[in-house]
Amino acid sequence: EERVKDLLHGHNPTVAPYASVGEARLRITARAGSRDRAMAMIEPVEQAIRGRVGEFLYGEGDDTLESVVGRLLSQMGKRLAVAESCTGGLIAHRITNIPGSSGYFRQGWVVYANEAKVEALGVSPDTLATYGAVSEATAAEMAAGARKASRADIAVAVTGIAGPGGGTEGKPVGTVCFGVATPGGTHTCTRRFTGSREDIKWRSASEALNLVRVTLLREDGRL
């Protein structure tokens, strides 16, 4: 909304922002004597929005992050694995809500306990002892372990503090670490989310899906 705020004051077409948990939608409406004329009026506004929001724009119409990620995986002939801690299987749930996901979704793990991270994904006990379960180091090893064990092309991992308890001064509630593993290596990041436990889990799953999307687009030279 900040990037397109001047476009929100138009009269025809109009641009209306709609915020929901973890994302925003922009609706462009034009009034004209025909559909073709209305679409022609919308076109320059749409292009202006696309130019301003860049990689944050993931789709249009009824697209969801999970449907867009699935489409990219299918187009590129790649398979995905996921390793989840704080999201508790939500990423896999959203991926498998898309028809045809068996063609690109390889495998998933829910590894809540530290022992499960070690036993199922090969996370080093030293990493857990040194950096903690909620750390980029752990997320990186989770992602790399998931990719290796599943023989997938790309794997995403998430570990964090969904709350309402468990936070510390250094790692408050809403701290979530991500790892994405590909044949080219593993990259990580940390986000801080707000909201209820369910909100944080949903935002974390959305961020994980978006990281997969961006990684695939960069690999394909589209970003």
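# A friendly first look at some local features

With a relative accessibility of 57%, arginine 151 counts as exposed, because the cut-off for exposed is over 50%. This is a predicted model, and the notes below walk through a handful of its residues. They begin with the backbone, then turn to rings and finish with a serine.

**Backbone features**

- Arginine 151 sits in the loop between helix 6 (136-150) and strand 5.
- The phi angle of arginine 151 is near 60°, which is a positive value in a residue other than glycine.
- Asparagine 12 and proline 13 are joined by a cis peptide bond, with omega at about 10°.
- You can find proline 13 in the segment before strand 1 (14-20).
- Another cis peptide bond links glycine 163 to proline 164, and here omega is about 5°.
- Look for proline 164 in the loop between strand 5 (154-160) and strand 6.

**An aromatic pair**

- Searching the whole structure turns up one aromatic pair.
- The partners are phenylalanine 178 and phenylalanine 193, arranged edge-to-face, with 6.5 Å from centre to centre and 80° between the planes.
- Phenylalanine 178 belongs to strand 6 (residues 175-182), while phenylalanine 193 is in the loop between strand 7 (185-192) and helix 7 (197-219), so the pair ties together parts that are 15 residues apart in sequence.
- Phenylalanine 178 counts as buried, because its relative accessibility is 0% and buried means under 20%.
- Phenylalanine 193 is buried too, with a relative accessible area of 15%.

**A charge over a ring**

- Arginine 94 lies over the face of tryptophan 202.
- The distance from arginine 94 to the ring centre of tryptophan 202 is 3.8 Å.

**A serine in helix 2**

- Serine 67 is part of helix 2, which covers residues 65-76.
- Its relative accessibility is 16%, so serine 67 counts as buried.
- A polar atom of the serine 67 side chain lies 2.9 Å from the backbone oxygen of threonine 64.

Conventions: Residues numbered from 1 in each chain as written. Predicted model: local features only at pLDDT ≥ 70, side-chain atom pairs only at ≥ 80, totals over all residues. Heavy atoms only, no water. Helix = DSSP H or I, 4+ residues; strand = E, 2+ residues; numbered from the N terminus. Buried < 20%, exposed > 50% of the residue type's maximum accessible area, 1.4 Å probe, protein only. Polar contact = N/O pair within 3.5 Å; in protein donor to acceptor, adjacent residues only side chain to side chain. Phe/Tyr/Trp six-rings, centres within 6.5 Å; stacked < 30°, edge-to-face > 60°. Lys NZ or Arg CZ within 6 Å of the ring centre and 35° of its normal.
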